[in-house]
Each structure stands twice: as C-alpha cells, then as structure tokens.
Amino acid sequence: MLSSTAVHLGEHGSIHDLAESEIYRWANVRGYVALHRTQPIYLSENRCMMHLRLTGVRLGMEQVVVYTRLSGGMARVDRLWHPLSERENDPSAAVFAATAAALTAL
C-alpha cells in the first residue's frame, strides 16, 4: 500500500528532522516487540528516506518512507508498506521491493 500526505515542516525544520521524529513515533507504538530501522538516508538535497521493519507477536510490517521537501515550508511524505508474512516465497515482498526501488529512484 502506498499513501502520500502533505506535512508542514514547522517545528521539524528539515526533512531529516521530520524523518527522525518518525523513529520516536514508531518506538512508542504498542503491539510491536521489535523496531529495526535505518537512519535517515539522503537521496538528494530535497529528499531522504528510511526503511522500517516492525515485528510483533502476531503481525509485522515493513515500510519505506520517503520525505520530499516542497516549497513554502511543506513536505510530502510517501509511505509504502506491506504486512510481513511467514511464507518463504511471499510474492508481495517482491512487489514491495520493486515499488520501493522505483519510489526512491524518482
């Protein structure tokens, strides 16, 4: 699933700060027992991304989040995610990887 939202940078100041705030948000979500993530990675001067993997007792989720600085103190947050599966050859994992590659290459 891919969702996009517009965010006013406001107190965050930069897309990097916005990405780091995401770490704290997910660290406090109940229902997950582990959070694995990358540090924000710059794709360009106006774009950065993070990869998150949350696992729980009964479910898990993987996300690639791309932050793009826009004009007027705004940013776009593109969030691509899919549920984790216990199946070894889950076809949604390949679709997720291909879509994440295309999203970060823009």
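Helices here are DSSP runs of H or I with at least four residues and strands are runs of E with at least two, numbered from the N terminus. This is a predicted model, where local features need pLDDT of at least 70, side-chain atom pairs count only at pLDDT 80 or more, and totals for chains, interfaces and linings use all residues. Residues are numbered from 1 along each chain as its sequence is written, and side-chain values use heavy atoms, with hydrogens and water left out.

Let's start with serine 14, which sits in the loop between β1 (2-8) and α1 (15-27). Serine 14 is buried, at 18% relative accessible area (buried means under 20%, exposed over 50%, partly exposed in between; 1.4 Å probe, protein chains only).

| Feature of α1 | Value |
|---|---|
| Length | 13 residues |
| First to last C-alpha | 19 Å |

Buried in α1 are Ile15, Leu18, Ala19, Glu22, Ile23 and Trp26. They share one side of α1 because their arc around the axis is only 160 degrees, taken from the directions from the helix axis to the C-beta atoms.

On to the packing. A nonpolar core is a set of buried Ala, Val, Leu, Ile, Met, Phe, Trp, Tyr and Cys residues joined through side-chain atoms within 4.5 Å. The largest one has 15 residues, with Leu18, Met50, Leu52 and Tyr67 making the most contacts inside it. Two or more residues each come from α1, β4 (47-55), β5 (60-69) and β6 (74-83), and α1 gives the most, five.

Methods:
Expected span 1.5 Å × (residues − 1).
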